[in-house]
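Thanks for coming. Please look at the sequence and the model on the screen, and I will walk through a few parts of the fold.

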Amino acid sequence: MLKVTIDDIPVEVPEGTTILQAARMIGGDIVPPAMCYHSKLKTSGGYCRTCIVKVEQGSAKDPRPMPKPVASCRTTVMDGMVVRNITSPENLEARAGVVEFLLLNHPLDCPVCDQAGECHLQDLSYENGKAETRYDFDKREYEPTDIGDKIKLHMNRCILCYRCVKVADQLTDGRCHGVINRGEAAEISTYIEKAIDNDFSGNMIDVCPVGALTDKTFRFKSRVWYTNPVDAHRNCDKCCGKVRLWNQGEEVLRVTARKDEFGEVMDNEDGSTAWICNECRYDKKNLSDWTIEGPAKINRHSVISANHYDTLKNIQKTTIKMMGSKPHGVKSELGAGPLDPNNQ
Ligand code: SF4
Ligand code: FES
């Protein structure tokens with residue numbers, strides 16, 4: 001086992017563990033945000049840089065600091081490593097710069113975006129963003145397009161995290177979707193107007209951290225915070241059949257995979273990932289299709305979990321216990337945020 005310290009909290013982890021995974025083992029506020037890494041998708045991570053941390057001491061053998069912030073999702077821990085995330089003002093400043101870059105081309109259309117309330121970029125910019133931009137150029141603009149009969153692509157909102165490409169590559173046969181062009185001209189596209197049509201293609205919607213890929217059967221039906229999420233299951237011969245239903249009264253507005261506190265699709269009991277098929281996602285919209293297990297626990301900083309005061313209290317307790325005060329820089333300029341119970 002290797003010993004690593006993250007924001008003054010020691011933890012022992014097996015060899016090969018990344019800094020991000022080690023931080024997730026500790027949990028709480030010190031976990032770096034991750035927009036492109038998804039633990040259930042191989043080779044994900046390394047694209048967005050939101051997970052950067054400061055390595056103050058490389059290892060016990062070689063205590064020199066790393067000269068630049070490193071992507072915690074791609075950097076494995078060394079024995080004796082000392083890492084700083086929220087206890088480093090420089091690191092928070094660097095992350096604010098990353099957020100500013102991610103928002104260069106991202107429209108501020110949250111009031112009409114279906115992802116509002118469960119958008120990782122919305123959370124990230126609220127917690128790490130700045131009130132204004134220094135970018136004087138026009139944002140890139142694309143017309144929304146249909147990629148498949150159930151998926152709408154809003155390329156304006158895409159942050160090129162590649163998660164949907166990994167889903168297409170790892171979960172579906174005969175991938176016909178990916179990133180074309182490079183640099184400023186890079187965009188998600190289907191190969192020569194082919195449509196995505198595969199039993200597991202809907203999982204792209206679940207991994208998209210922003211509102212670039214949305215479910216056409218749910219678009220504009222409701223805001224997520226007006227729905228009642230419940231966990232439910234059915235016998236399905238294609239997938240695990242374990243889903244989350246987003247209901248309004250008796251009406252099932254949307255079916256998604258179940259996600260954990262990091263916004264990632266959860267595991268089944270056997271350790272496999274609980275991806276769901278398109279039949280469960282799009283064709284089973286009656287309550288009678290499902291066995292309801294009970295209210296879903298949404299354990300994220302989001303308006304959906306706005307009334308889950310227990311989680312908020314625990315986060316506050318961890319911060320105060322480990323750091324003796326509020327994290328450096330957090331909310332100093334932005335006022336009260338989601339960690340402040342008075343703001344709920
Ligand atoms: S469409 Fe969504 S999942 Fe795909 S690259 Fe863009 S932001 Fe990532
Ligand atoms: S989450 Fe680590 S680089 Fe994107």
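How many bridges pair strand S11 with strand S12, and in which sense do the two strands run? Before I answer, some housekeeping. This is a predicted model, in which local features need pLDDT of at least 70, side-chain atom pairs count only at pLDDT 80 or more, and totals for chains, interfaces and linings use all residues. Residues are numbered from 1 along each chain as its sequence is written, and chains are lettered from A and ligands numbered from 1 in the order in which they are written.

Now the answer: S11, residues 228-233, and S12, residues 242-248, pair over six bridges in the antiparallel sense. By pairing I mean that DSSP finds at least two bridges between the strands. Within that pair, tryptophan 246 of S12 is opposite proline 229. The two strands belong to an open sheet of four, in the order S13-S12-S11-S14, with antiparallel pairing. S13 (251-256) and S14 (291-295) each have a single partner strand, so they form the edges and one side of each has no neighbour in the sheet. From one strand to the next the twist averages 35°; the axes behind that angle are lines fitted to C-alpha atoms, for helices over the stretch in contact, and angles run from 0 to 180 degrees between N-to-C directions.

Stepping back, the chain has seven helices and 14 strands. These are DSSP runs, numbered from the N terminus: helices are H or I with at least four residues, strands are E with at least two. Of the 344 residues, 39% count as buried. Buried means 20 or more other C-beta atoms within 10 Å of the residue's own, exposed means 12 or fewer, and partly exposed is in between, with C-beta atoms placed from the backbone. Among contacts with a separation of 6 or more, 64% are between residues 24 or more positions apart. A contact is two C-beta atoms, placed from the backbone, within 7 Å.

Three bridges hold S7, residues 151-153, to S10, and isoleucine 151 is opposite aspartate 215.

Leaving aside neighbours within four places in sequence, arginine 157 contacts His106, Pro107, Cys113, Val210, Gly211 and Ala212. Its C-alpha is 9.9 Å from that of leucine 121, 36 residues away along the chain.

Leucine 121 is one of the buried residues of H3. That helix, residues 120-128, is mostly covered, with seven of its nine residues buried. Helix H2 (89-102) is included in what covers them.

Last, the ligand. Around ligand 1 there are 14 residues, the closest being Cys158, Cys161, Cys164, Cys208 and Ala212; to be near, a residue needs its C-beta atom, placed from the backbone, within 6 Å. The shell has 13 nonpolar residues, no polar ones and one charged. Here Ala, Val, Leu, Ile, Met, Phe, Trp, Tyr, Cys and Pro are nonpolar, Asp, Glu, Lys and Arg are charged, and the others, Gly among them, are polar.
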